[in-house]
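I opened my notebook to look up how charged side chains pair up here. My notes follow, in the order I went.

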Amino acid sequence: MIEGNPIEEMADPQATLMLEHINAKLPDEEDEKGIISERGRLNKEGRTLVDDVYSEFFKRTNGNYREVLNICKEAESLLHVEDTDSRDTEMLKVLRSVRGKIVYHAHKTWAEKEMFLDKFGDESASNIMSYAKILKKDKSIDIDIYEEATRIEKEKHQLDEALSIENLGLEQQNLKLIEEDIKTIATETPENERQSILEGLKSKLKAFSERIMEPHTRRKIVAGALAAASITSFVLGYISHNKNDIKTGTQTLAKAENQPKNTHVYYDSSELPDDLYAEEYLTGPEEIPEVDLNFQVIEQQTKSPPLEIYQEKNESIQINEVSQENYPPVYVAQTFDGQCGPASIAMLYSTFGREKFNVKTKMQDITSEFIEKKYINPDKADIISTDSQIIEFLSNEGFQATTSYEFLSFENISKYFEDPKNKPVIINVNSNYLNENTDHWALLMGVTEIDGRKYIRLMDPLRSEKGLGAEEDIDVRMIGMPDGSFLFDARGWPGVTNGLGIFIENQSVASKDSKLMH
Amino acid sequence: MNNNLQIGKLSDKLHEMILQDMDFEDSEVNRYLDNQALNLILTTLSLQRRLEFYQLLGNNDFNSAKVLVLNDIPDFHKKLLVKVEDKFQKIL
């Protein structure tokens, strides 16, 4: 490895340390298993070692991606793979794997920060690299992805430090309060016994905190506080300079060929394929390699913690849209899976129709009619009507409509609502607004902007603030409104294009359309 | 810390990382929630009720302790949220 060569002995101590670290963790040479499989790839033990080296040196460098990358390169240059008696070939394999991992995580961290990628994208290495490449191209200035990703890690580290200081202060304050309480009730008790009572109480309090706040409640509180902190920074205008970034990124990724696969994927380091460490990655940190890698894809529903707190916060949000006084949204929650269609139409009628209805009664009436006409299959939550049947149905209430299957990218939605004459759209997507299994209806109300950040406004019979009876969560991409509608952050919009859009062309709506969304 | 963090610090990625941290019991964010919750209890309950609270904990009767807290501090979780929100806005 590095013995006996004075030049190599002058090497970066971190690189030497990395090699020693790997060497110490390699299985004994006598161990038949080793870290390389018969096919010449890293086996499970090898991948565990890679994870260990990556974590150790990522920590040592305070989350500095480029520094770890450079240490790896330096360490690699110290190896003598031609020496068949050494274990340098195994070490080289580990080092290259660590490098691949750094490249992947730096790009993933950066791409996620830019695009809400994790909320709807495929996190396979090839997809991450493609995204990063597209996003990087979109930027008018040069971006060092490794520095950007390191900055994000640093922010997290700083936040942890700030919380740590807060924790110290709170712990001291709480301890003092409890000590005083104990003194009050145990005035005659010796100090050592009081201390013993205190210690016992501390362990009980720890157990109690798990009872008073279950995991989902904890997540709600933190997610809510983070959302509020974000909104505050919007209001203060801190991020207005990012407007253009959001626009260009979204527009490029909205193109069909650039769209993410609609799977929700979690990265599992134990499944890291050896392909990731291919030579293509090693051409230099500035390049985003053109490789097609097969990561394990685990499909999962997008599910974020429900937030109960938006209603209060909304009062402080300045929404740059035309008042809806003449068209206060009339929300109704569906009561069974197959009722989203009738509920969406009932909301449309009640909000924009000529006559005022009781929205729940209207939904039930439409449901009965849909079942009778076999437009829905209530057992399977399927909408089985044809487009022309729906258009005909809407016309009975005076709503003329047209349809399109190439509409629902944010770019298209934004463009559509730029024309104040355009009306709300009934959309047929899935319950997470993705292309797949498009069997869910909701009402697309318009596009709005809060201090530079764009939002799509929806009324979804399956998703609303708690208390209105809907089942799906308002997740971190959404801001629930007291009227039952919600705002969906355009950056997190899945960018579907083949969901059905039913465009309303109704005279009674047209007469007041200037009061709708801008 | 306020001045150290750059503009755009409240990135979605940072949010995600903080929420991911919640999976770890001893993470700073979980510790913070525990400490803030306890602080809310200790500074809101009367001495008499605090003593009852300690008594229930001593008897491992966590459910009754929880009922006591939630009864005596209406909207406990909302109040906690407000405290966490205030702090996040200051330190983020």
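I began with the secondary structure, and chain A comes to 17 helices and nine strands. I'm keeping in mind that this is a predicted model.

Next I looked at burial. Chain A has 518 residues, and 55% of them count as buried. I also checked the surface: chain A exposes about 23600 Å², with 46% of that supplied by carbon and sulfur atoms.

Then I turned to contacts in chain A. Taking those with a separation of 6 or more, I found that 71% are between residues 24 or more positions apart.

**On to the charges**

A reminder to myself: side chains of opposite charge can pair when their charged atoms come close. How many salt bridges are there over all chains? I noted a count of 18.

I picked A:Arg99 to start with. A:Arg99 makes a salt bridge with A:Glu76, and their closest N and O atoms are 2.8 Å apart. This pair links distant parts of the chain, with A:Arg99 in helix 5 (residues 88–115) and A:Glu76 in helix 4 (residues 65–77), 23 residues apart. Buried or exposed, I wondered, for A:Arg99 and A:Glu76? Both are buried.

Then I went looking across chains. B:Arg50 and A:Asp181 meet through their side chains in a salt bridge, at 2.6 Å from N to O. B:Arg50 sits in helix 3 (residues 47–58) of chain B and A:Asp181 in helix 8 (residues 145–185) of chain A, so this pair joins two chains. I checked burial here too: B:Arg50 is buried, and A:Asp181 is as well.

My last pair was A:Lys373 with A:Glu369. They form a salt bridge whose closest N and O atoms are 3.9 Å apart, and the cut-off for a salt bridge is within 4 Å. Where do the two sit? I found them in helix 14 (residues 359–373) of chain A; they are four residues apart, so about one helical turn separates them.

A:Lys373 has 39% relative accessibility, so it counts as partly exposed. A:Glu369 is partly exposed too, because its relative accessible area is 30%, and partly exposed runs between under 20% for buried and over 50% for exposed.

One more entry, on shared partners. Which residues do such salt bridges join into one network? I wrote down A:Glu76, A:Arg96 and A:Arg99.

Conventions:
Residues are numbered from 1 along each chain as its sequence is written. Chains are lettered from A and ligands numbered from 1 in the order in which they are written. This is a predicted model: local features need pLDDT of at least 70, side-chain atom pairs count only at pLDDT 80 or more; totals for chains, interfaces and linings use all residues. Side-chain values use heavy atoms; hydrogens and water are left out. Buried means under 20% relative accessible area, exposed over 50%, partly exposed in between (1.4 Å probe, protein chains only). Contact means heavy atoms within 4.5 Å. Accessible areas come from the Shrake-Rupley method with a 1.4 Å probe; for residues, only the protein chains shown count as cover.
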